[in-house]
Amino acid sequence: MEAEPLIAFDRVSVTLGGLPVLTDIDLRIDAGDFVCVVGPSGCGKTTMLRLLGGLLEPTAGEVRYAGKRITEPRADIAVMFQDYGRALLPWRTVAGNVSLALEALDVPKGERPARIAAALATVGLSAKAEKYPNQLSGGMQQRLQIARCLAQEPKVLLMDEPFGALDAMTRQTLQDEVLSIVSASGATVFFVTHDLEEAVYLGNRVIGLLPHPGRVASDVAVALPRPRNQLTTREDPEFARLRRQLFDFIKDAEA
Amino acid sequence: MKRVPAVLRGLAFPVALIAIAQIAAMAVRLQSDTLASPAAVLVAGAGAFADGSILVATAQTLANAFGGLALGGIAGLIGGILLGSSIVADRLMEFSVEALRPIPSVALIPVAMLTFGFGFRMEVAIVSFAAFWPVLILTRSAVGGVDAGLLDVARVLRLGPFARTVKIILPAALPRIFVAFRLAAGIALTVAVTVEVSANPLGLGYNMMLAEQSLHPDLMLAYLLWIGIMGWALNLTINGAQRRFFGRSAQARTAP
Amino acid sequence: MRISWRLGSFAVGAVFIAVWQLLANAHLISPVYLPGPDRTWGALVRGFASGVFPDQVWNTVQRMFVGWLLASLAGIAIGACIGLSRPARAYLGPTLEFLRPLPASAVVPLGIVLFGLSDNMVLSVIAFGALWPTLLATVHGFAAVEPCLYEVSRALGMSRLAVIWKIALPSSLPDILSGMRLSLTVSLILAVVGEMLASRPGLGSGILIAARTFHAPDLYAGVVLLGALGYITAQGLFAVEARLLRWRVHHR
């Protein structure tokens, strides 16, 4: 009898505005997995993320967390939005933005400063605690979002193309930061991305979705050693093989 | 669930309000010096149209408003171009502009009364003062905000200041200058009506006051409604013109 | 650098005042209509010394602020309710858009009809006129809250009250303050108009009487005071706005 997975998609279908977005999705995610989801536009990867975030309910089937159906957002599942400029409160300082998560969780006032300081320290924003988001660079704003998610002490991190709008150097730095944060906290990660190399670099599993109808078409294990390294991991022949496999998968899909 | 079309949804509230007022007035058999039923208002309004009085008043108000808009607008345009083109001029004029700007145009009603007596000149003078400032300020920032790249083109082509203004700066700033005039037009109408309500014995504002003083609430409310329609129609026309000439891209939302 | 430009602009202002003085002295325009800055200043000093101006200023300021505060509170409350509710916006929006360009002074006769020529009339007209800019701005502000922030609040499991207080209200604050600024301008104008029409004591009626009795220096002194009032209140509100909206990036 296999162990109950942390997250289960059980014959999940989603129809939005009359159009089928996801059809019969079956997926199991175990605790500690770093699952990267790739696929061409319109394949439903963001929809899957929103289902896990409790922002959307399936038209058919069930999405379960620790055996129970997800019907609304959970405190132990943190969501990180793609457009950081719009997901941060411009009128609150960096510390204030992190505090929002704690306020929502009804964390007692006395405990908040310590938890905020810890979250900011983890992402390296301690020196910027009193700055406003519009005084920060894109990379720092995204780190602020990460800090807000970490303040929830989540078991699961949902990340929706978090590094898409950043330049290549910042993206690589943040990839490594996420890896170290996740390995320290043991969180399970559901990471949506367009970038195939990023998916292979970060994940221990890469799920490929195809559109029309949205379905899981590929589920590949990534056996590269951890901790990952931007140079050595990317030079590993297994990395190249996996990248080629995914590349072909996408190319066939768009054909 | 049937979706109610937007037009009906928008009309539902006012129509309901008018219907309730009418029914209430009829139920109470309203005969009053202070209030009138919607039906009576319509009748009074139709009467004012029939004998031309409302049209004459409208012409007077609009003449004053547009006269003042033209005078104040052109002065504001020239001033705005000067201040927008020259940082020196802008900085030197800062105190004078900031000192004169906050004077409420209504405060000048007695001044204009003293100088011109009653009539068109007095009202046009005040409307010009009121319309001058938004055009000045917004033209200044429109001209000052012309893309530096375009100014470089003017320099490279060795255009003189007049040619540069007419061929490069004005066309580039035109969408925002239009918005300035749009704002000023609304202000012009408002100030014209205000002057007529306060002092000047002509136009829609004055006729409305006259109706109130002669205990004709139905006529007064008819004028009020008509003034509202005028303002709304003016707004609509200018917005339409802006869309037509400048397209959606230039449509800036006027600050509330 | 900044200071020398400031001084330069004061100097230019002084030049204009000197020109005014010269025009007045030369009697190109009759001194009945155009008193020089010297006589205007004299009237200002006299008015303050005799206690006339302080009284008038106090009356006008009082009306203006009471009307404005009432209007702002009502405008924010009603505007928030409408702005947060899509059906309310759909049904009331067109009516509000029709009322937006209505000149505030057009309701003065209605005010007279309802309240007579009294202080109440002036106050109600001020409050009614000043209501609309704040209300409309508040509706706009609440309707334009960044939708992604609503998602964030759902993901964090925030209560409806918390969403309004911590997300919608701060997000709308720039629009609300901008509307309140406009409302303040309207309340000054309507205070003056109301005082003129109802002959209630204040700066408005003061300058009207001065004009009617051909006391031009008193008239001009009153106008200067009204300008100063407009300036001070606008600057005050700007300062409050700057403090509350420190987080904003300012573009020229």
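This is a predicted model: local features need pLDDT of at least 70, side-chain atom pairs count only at pLDDT 80 or more; totals for chains, interfaces and linings use all residues.
**Entry 1. Sheet in chain A**

I began with the strands of chain A. Six of them form an open sheet, and I read the order as 6-7-8-3-9-10, with mixed pairing. Which strands stand at the edges? They are strand 6 (77-80) and strand 10 (215-221) of chain A. Each has a single partner strand, so one side of each is left without a neighbour in the sheet. I noted an average twist of 15 degrees from one strand to the next.

I then looked at one pair inside that order. Strand 3 (residues 34-38) and strand 9 (residues 205-210) of chain A run parallel and are joined by four bridges. For A:Cys36 I looked up the bridge partner in strand 9 of chain A, and it is A:Val206.

**Entry 2. Nonpolar core**

Next I went to the largest nonpolar core, which holds 206 residues. Which members touch the most others? I wrote down A:Leu158, B:Ile126 and B:Ala188. The element that gives the most to this core is helix 8 (residues 160-198) of chain C, with 17 residues. From chain A, domain 1 (7-76 + 154-254) and domain 2 (87-152) each contribute at least three residues to this core.

Leaving out residues up to four places away in sequence, B:Ala188 touches B:Ala65, B:Gly68, B:Leu69, B:Val127, B:Ala130 and B:Ala131.

**Entry 3. Chain B against chain C**

I looked up this contact from both sides: chain B puts in 45 residues and chain C puts in 51. On the chain B side, the elements that give two or more residues are helix 1 (6-28), helix 4 (87-100), helix 5 (109-116), helix 8 (161-198), helix 9 (203-213) and helix 10 (217-246) of chain B. Helix 10 of chain B has the largest share of that side, nine residues. By class, I recorded 30 nonpolar, eleven polar and four charged residues on the side of chain B that touches chain C.

**Entry 4. Chain C against chain A**

Last, I checked chain C against chain A. Here 14 residues of chain C are in contact with 17 residues of chain A. Helix 7 (147-155) and helix 8 of chain C each supply at least two residues of the chain C side. Which helix gives the largest share of that side? It is helix 7 of chain C, with six residues. I sorted the side of chain C that touches chain A by class and got nine nonpolar, one polar and four charged residues.

Definitions and conventions. Residues are numbered from 1 along each chain as its sequence is written. Chains are lettered from A and ligands numbered from 1 in the order in which they are written. A nonpolar core is a set of buried Ala, Val, Leu, Ile, Met, Phe, Trp, Tyr and Cys residues joined through C-beta atoms within 7 Å. A residue is buried if 20 or more other C-beta atoms lie within 10 Å of its own, exposed if 12 or fewer, and partly exposed in between; C-beta atoms are placed from the backbone. Domain bounds come from an automatic or database domain assignment. Two residues are in contact if their C-beta atoms, placed from the backbone, lie within 7 Å. Ala, Val, Leu, Ile, Met, Phe, Trp, Tyr, Cys and Pro count as nonpolar, Asp, Glu, Lys and Arg as charged, and the others, Gly among them, as polar. Two strands pair if DSSP finds at least two bridges between them. Axes are lines fitted to C-alpha atoms, for helices over the stretch in contact, and angles run from 0 to 180 degrees between N-to-C directions.
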